[in-house]
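The following note sets out points for a colleague who is reading the coordinates. The sequence and model are shown first, and the numbered remarks follow.

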Amino acid sequence: PISRNGEVICLNMLDIDYFKQYNDSYGHQDGDEILIKLCETIQRYIKKTDFVGRWGGEEFAIALPDASGEEAHQVAERVQKSMQSMILVDPKQAQIPAPTVSQGISVFPDEANDIDQLIYLADQRLYIAKGRGRNQIEPNPSHWGKIQSSKRKRGASSEHRAICHILYLVQHSIKSCDCSLDAFIIDPVMR
């Protein structure tokens with residue numbers, strides 16, 4: 001049910017930059033509010049057929065079935081800009097600096113042959129984005145023009161069905177709890 005027209009899936013691994021410092025400086029309640037606002041922001045920019053879930057702590061996985069790398073990058077930019085412009089205040093109504101996010105994107109099957117490669121590549125790119133100074137998206141937009149996009153095929157391979165199953169679990173981790181922090185956290189060991 002995930003793939004409407006083919007087998008292309010983009011995965012965006014997203015992490016809130018310096019999140020521990022938010023918790024240490026402003027308290028866990030404000031940290032929790034940032035997590036909830038990030039979830040709401042992501043959901044505002046994705047389609048009903050897309051999936052988002054907490055991968056762990058302050059890291060999120062966003063799956064975009066039937067999206068190109070360029071489209072995934074546009075979603076990432078919208079999330080990034082929304083987070084940067086967010087206005088947050090602490091319980092004393094003092095303004096808190098807006099959080100930034102680092103993001104890594106990968107595409108199945110253009111760049112990865114299976115779920116492990118898809119996740120690994122997106123995660124590696126997330127770390128590259130953090131290494132470039134955070135508040136970055138990896139790869140940059142020009143990368144997508146260099147990739148020969150796969151022709152979308154009708155029907156799903158067994159690998160595609162496995163990815164869809166994982167993404168279904170990711171989707172339920174937030175949808176089932178309506179962005180609350182009681183969301184099921186996807187454990188990378190469980191994949």
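1. In which helix do Lys20 and Asp24 both lie, and how many residues apart are they? Both belong to helix H1, four residues apart, about one turn of the helix. Helices (H or I, at least four residues) and strands (E, at least two) are DSSP runs, numbered from the N terminus. Lys20 and Asp24 form a salt bridge with closest N and O atoms 2.7 Å apart; the term denotes a side-chain nitrogen of Lys or Arg within 4 Å of a carboxyl oxygen of Asp or Glu. Lys20 is exposed at 58% relative accessible area, and Asp24 counts as exposed at 53%. Here buried means under 20% relative accessible area, exposed over 50%, and partly exposed in between (1.4 Å probe, protein chains only).

2. This is a predicted model, in which local features need pLDDT of at least 70 and side-chain atom pairs count only at pLDDT 80 or more, while totals for chains, interfaces and linings use all residues. Residues are numbered from 1 along each chain as its sequence is written, and side-chain values use heavy atoms, with hydrogens and water left out. The chain averages a pLDDT (the predictor's confidence in each residue, from 0 to 100) of 79, and 74% of the residues score at least 70. Over residues 1-5 the pLDDT is below 50, and over residues 180-191 it stays under 50. Where pLDDT is low, the predicted coordinates should not be read in detail.

3. The chain contains six helices and seven strands, in the order β-α-α-β-β-α-β-β-β-α-β-α-α along the sequence. Of its 191 residues, 47% are buried. Among contacts (heavy atoms within 4.5 Å) between residues at least 6 apart in sequence, 74% join residues at least 24 apart.

4. Strand E3 (residues 59-65) has seven of its seven residues buried. Glu59, Ala61, Ala63 and Pro65 point one way from E3, and Phe60, Ile62 and Leu64 the other way. E3 runs antiparallel to strand E1 (residues 9-16), with seven bridges, and antiparallel to strand E2 (residues 51-56), with five bridges; two strands pair if DSSP finds at least two bridges between them. Asp15 stands opposite Glu59, and Phe51 stands opposite Ala63. In the hairpin of E2 and E3, which has two residues between the strands, Gly57 takes a positive phi near 45°.

5. Glu59 is buried yet has no salt bridge, and the nearest side chain of opposite charge, Lys130, is 7.6 Å away; Lys and Arg count as positive and Asp and Glu as negative, with His and the chain ends not counted. Asp15 and Lys130 meet in a salt bridge (2.7 Å, N to O). This pair ties together parts 115 residues apart in sequence, because Asp15 lies in strand E1 and Lys130 in helix H4 (residues 115-131). Asp15 is buried at 7% relative accessible area, as is Lys130 at 12%. Lys130 also forms a salt bridge with Asp17, at 3.1 Å between the closest N and O atoms.

6. A search of the whole structure finds one aromatic pair. Tyr22 and Tyr26 are tilted, 5.9 Å centre to centre with 45° between the planes. Rings of Phe, Tyr and Trp (its six-membered ring) pair if their centres lie within 6.5 Å; planes under 30 degrees apart count as stacked, over 60 as edge-to-face and the rest as tilted. Tyr22 is buried at 9% relative accessible area, whereas Tyr26 is partly exposed at 33%.
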